[in-house]
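I opened my notebook to look up how this fold is put together.

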Amino acid sequence: MPPRHKVGAMTDQAPAADSGSPDIPGKPTSASRTTLSHIMTHNDTNLLGTVHGGVIMKLVDDAAGAVAGRHSGGPAVTASMDEMAFLEPVRVGDLVHVKAQVNWTGRTSMEVGVRVLAERWNESAPATQVGSAYLVFAAVDADGKPRRVPPVLPETERDKRRYQEAQIRRTHRLARRRAIMELREKRAAEGIED
């Protein structure tokens, strides 16, 4: 895997004309959508007796990574996690379902949206949403260099909404990154050391 600073540099690239490469055909959202399910045990708990957030985050990253690899047709690495919201605690005995799909694609990066649901393993009550996350993955080749990804083709109105929301998150992510870099450059120009 390439160093983190290089991975971050290759994400969020806008779709661009490739220099001589044939266009990559798009893939529908459903082509890579997946669900990962896992029963939570005592090994997954924190000091409060609920499932540790890190356990849920690993499941989220695993499911999102599978989706990114499926969509891009090869290796993809986690570049960032935009947001991880924990809505309800998860308990021992919960059957957790992690549902992931590609929401948006750039030239070499993809945003994957994840919903986390939980239900009691031995009850027939419907699952409750307990979390959500947005991750950005960068597709890489065998040498860890960025590689093009197929455009995602939203199929439903919900997919179209998710695509549009992902574009908003991307715009905010890039603006935040630019503002931070400008602040650091300004402080360095003023001779302020961190």
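Before I look at bridge partners, I note the rule for strands: two of them pair if DSSP finds at least two bridges between them. The model I am reading is predicted.

**Entry 1: the sheet.** I looked up the strand order. The sheet is open and has five strands, in the order β2-β4-β5-β6-β3. Their pairing is antiparallel. I then asked which strands stand at the edges. They are β2 (34-39) and β3 (76-86). Each has a single partner strand, so one side of each lacks a neighbour in the sheet. From one strand to the next, the twist averages 25°.

**Entry 2: β3 and its partner.** I followed β3 to β6, residues 128-139. The two run antiparallel and are joined by nine bridges. I picked out one of the residues: F86 has G131 in β6 as its bridge partner.

**Entry 3: the helices.** I checked what lies across the strands. Helix α2, residues 53-72, lies across β2, β3, β4 (94-105), β5 (109-120) and β6. It runs at about 135° to β3. Helix α3, residues 157-189, lies across β3, β4, β5 and β6. Its angle to β4 is about 75°.

**Entry 4: A68.** Is A68 buried or exposed? Its relative accessible area is 0%, and buried means under 20%, so A68 is buried. Leaving out residues up to four places away in sequence, A68 touches A76, M110, V112 and F137. I looked up the last of these again. A68 and F137 are 69 residues apart along the chain, yet 6.6 Å separates their C-alpha atoms.

Technical notes: Residues numbered from 1 in each chain as written. Predicted model: local features only at pLDDT ≥ 70, side-chain atom pairs only at ≥ 80, totals over all residues. Heavy atoms only, no water. Helix = DSSP H or I, 4+ residues; strand = E, 2+ residues; numbered from the N terminus. Axes fitted to C-alpha atoms, helices over the stretch in contact; angles between N-to-C directions. Contact = heavy atoms within 4.5 Å. Buried < 20%, exposed > 50% of the residue type's maximum accessible area, 1.4 Å probe, protein only.
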